[in-house]
Amino acid sequence: MTQLFKLAYRNLWRNKTRSFLSMLAVAGGVALLLLMVSVLEGEMRGALNNTIRLQSGHLQIRPASYEEGKVSLKWEDLIADPNQLVDKVKSLPQVVEATPRLNASAILSIRDESKGVQIIGVDPASTANQPYRQGMIAGDFIQADDREGILIGNILADKLNLKVNDKVNLLATTSNGDVDEQLFTVRGIFTTRTPGFDEFNVLMPLAKAQTFTATENHASAIFVMLQENEQADAVAQALKSNNYQIATWRDQNQFVVQFEDYANAFFVVLYLIVLGITATVVTNTLVMAVFERTREIGILAAIGMKGRGIMAQFLMEAALLATGGVILGLILGGAAVYYYTVNGIYIGNYGITGVLFEDRIYAYLTVDNMINLAVVAYIVTLVASLYPARLAARMEPVEALHEQ
Amino acid sequence: MEVTKIMDATRVYKIGEVETKALRGVNLSIENGEFTALVGPSGSGKTTLLQLIGLLDKPTSGQVFINGKDATNLNRNQRADLRKDAIGFVFQFFALIPTLTAYENVEMPLLLNGTKPADRKRRVNEMLEAVGLADRAHHRPDQLSGGQQQRVAVARALATNPKLILADEPTANLDTENGKQVMDIMQRLNKETGVTFVFATHDPRVIHYANRVVTLEDGLIVKDSKNGKH
């Protein structure tokens with residue numbers, strides 16, 4: 001084994017430039033894929049985390065009559081006395097925060113411009129509002145007793161040219177089917193760095209939202225945040241009741257989950273294409289080496305090395321190329337991933353219905369992705385060397401010895 | 001005892017539609033301890049005969065025996081095993097592995113037959129000593145002269161203690177002095193260890209070393225003289 005390694009290492013060293021370029025091809029493929037898989041992972045995690053913290057929570061407790069995609073303010077479609085339920089939910093150890101929210105469709109207008117928006121009635125004191133509170137870029141966060149203040153996203157503010165203290169008109173259908181219209185003041189402007197959210201949502205204190213829509217002491221849902229994503233199913237099970245629907249983040253984000261599956265399938269194809277190109281380079285390098293060293297193969301065969309020994313020789317060279325290439329690729333790819341983990345890639349308002357993408361994608365490197373990639377690259381390189389290795393192993397010693 | 005025996009061996013090469021008869025029915029028996037020269041003009045079949053004896057090639061018809069065992073129909077791996085254990089080779093070109101030192105080149109057949117490290121070390125040093133290259137053990141082939149490389153090849157051929165050494169034109173690429181050195185070493189080892197040498201040559205300067213001269217012409221043995229007698 002030592003001799004095999006020594007011979008393989010020295011053989012690669014014989015043609016340093018060619019070996020280095022082959023290694024670089026493996027490294028390039030690994031680095032490129034590592035960056036791409038990390039960007040995709042970051043994008044998916046970002047979108048999911050965003051959607052969880054801004055829209056779905058880890059769990060939502062909804063009334064039994066809740067229908068996906070339909071915003072109903074009828075009392076029978078709302079949770080009555082939500083604080084009682086909130087207290088029960090908060091008693092579970094996994095729960096970090098539970099807070100009632102009321103959603104209503106509305107039209108926001110100013111001067112001669114108007115735009116369809118969603119009102120989210122929130123408890124201003126809840127820690128679930130952290131994403132908005134942290135994202136305040138102008139004005140102040142709303143107070144629980146504010147009767148006319150609202151918060152708007154920066155994209156909506158830009159589109160309608162709104163500033164803090166501007167008065168806007170909101171028109172919404174109430175629980176009894178009437179249309180109510182009131183003047184509100186923009187108390188502050190926030191950004192969640194998620195254009196799809198910041199363009200369409202208006203936050204107002206829950207109490208005011210209930211008054212405005214005639215839904216006193218009712219909420220559309222209880223928004224629940226847990227310590228970890230994976231606790232959702234267990235908590236949902238614990239809270240199971242015939243009176244409510246409980247939707248986990250996974251239930252609410254089917255599109256993101258499916259999109260991730262689709263992206264992963266696409267990545268398998270991409271892996272094969274990139275590593276296929278890399279494999280071709282490795283095959284070429286080793287085929288050249290076999291033809292250059294035909295006479296040496298003949299000598300080894302003459303002194304008694306069997307075909308499998310000669311094959312092992314070339315597989316060892318491929319293994320060394322793969323090791324160097326994968327390590328170099330992980331270093332180069334890791335550096336690129338680090339850069340994009342810190343700085344992100346600006347994508348602007350990239351809208352897909354149901355998915356809240358941030359305006360910047362941050363790469364995210366997982367150990368699983370790194371190990372999978374290294375193993376696949378290693379295997380592909382070894383498979384690529386099978387053809388030249390077999391070519392060498394099958395040479396007739398007498399013909400190999402007479403090769404010039 | 002016969003180290004090798006060739007019976008009615010023919011070897012026909014076919015290139016496209018053209019057939020070339022390199023050997024046309026050769027019978028040859030080599031006894032243990034012989035120092036035999038295969039001589040004859042280019043194309044007479046010397047190298048082909050050596051390749052058949054060395055199990056590097058198979059006869060088109062006829063039989064090849066090594067140490068009394070019929071090796072004609074052995075498969076690739078069986079032939080490789082027999083070569084490893086019973087036959088050593090010295091080629092016309094200085095057939096060393098260029099990436100290995102003289103020591104490592106001599107060590108290679110010992111690694112292949114699984115010799116223990118301590119025995120390997122002793123044997124390699126012994127062989128390099130025997131060919132006068134102990135001080136060049138850690139030189140690579142490109143740091144050695146042609147004569148030195150061929151002496152390393154002789155040391156390698158003898159490393160596993162085979163009964164038979166086959167040398168194809170061992171002095172063809174050497175000057176007179178180096179050629180003489182190589183032949184002297186081969187002859188000395190033949191006498192000291194009793195190992196059988198069969199070498200193909202058309203170099204008139206080295207034929208006198210042989211105690212048996214087998215002459216080939218057009219794929220046939222035309223003369224076989226032992227100790228100067230026909």
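Chain A has 14 helices and 14 strands. Helices here are DSSP runs of H or I with at least four residues, strands are runs of E with at least two, and both are numbered from the N terminus. This is a predicted model, where local features need pLDDT of at least 70, side-chain atom pairs count only at pLDDT 80 or more, and totals for chains, interfaces and linings use all residues. Residues are numbered from 1 along each chain as its sequence is written, and chains are lettered from A and ligands numbered from 1 in the order in which they are written.

Overall dimensions of chain A next. Its radius of gyration is 31 Å, whereas a compact globule of 404 residues would have one near 22 Å. That radius is taken over C-alpha atoms, and the globule rule is 2.2 Å times the number of residues to the power 0.38. The C-alpha trace of chain A spans about 100 × 45 × 30 Å along its principal axes. Of its 404 residues, 45% count as buried. Buried means 20 or more other C-beta atoms within 10 Å of the residue's own, exposed means 12 or fewer, and partly exposed is in between, with C-beta atoms placed from the backbone. Among contacts in chain A with a separation of 6 or more, 81% are between residues 24 or more positions apart. Two residues are in contact if their C-beta atoms, placed from the backbone, lie within 7 Å.

Now one helix pair in chain A. H2(A), residues 16-56, packs against H12(A), residues 307-343, at an angle of about 40 degrees, and the axes are 7 Å apart. The axes are lines fitted to C-alpha atoms, for helices over the stretch in contact, and angles run from 0 to 180 degrees between N-to-C directions. The crossing of H2(A) and H12(A) is right-handed, that is, the near helix is turned clockwise from the far one by less than a right angle, anticlockwise being left-handed. The contact of H2(A) with H12(A) has 17 nonpolar, 9 polar and no charged residues. Nonpolar covers Ala, Val, Leu, Ile, Met, Phe, Trp, Tyr, Cys and Pro; charged covers Asp, Glu, Lys and Arg; the others, Gly among them, are polar.

H12(A) has 37 residues and reaches 52 Å from first C-alpha to last, close to the expected 54 Å; the expected span is 1.5 Å times one less than the number of residues. Just after H12(A), A:Gly344 has a positive phi of about 70 degrees.

On to chain B, which has 6 helices and 10 strands. Its radius of gyration is 17 Å, which agrees with the value near 17 Å for a compact globule of 230 residues. Its C-alpha atoms fill a box of roughly 50 × 40 × 40 Å along the principal axes. Buried residues are 48% of the 230.

Two backbone points in chain B. Most residues other than glycine have a negative phi. B:Asn161 has a positive phi near 60 degrees and lies in the loop between H5 (146-158) and S7 (164-168) of chain B. Is B:Asn161 buried or partly exposed? It is partly exposed, with 15 other C-beta atoms within 10 Å.

Last, the interface. The contact takes 19 residues from chain B and 17 residues from chain A. On the side of chain B that touches chain A, the largest share, 6 residues, comes from H2(B).
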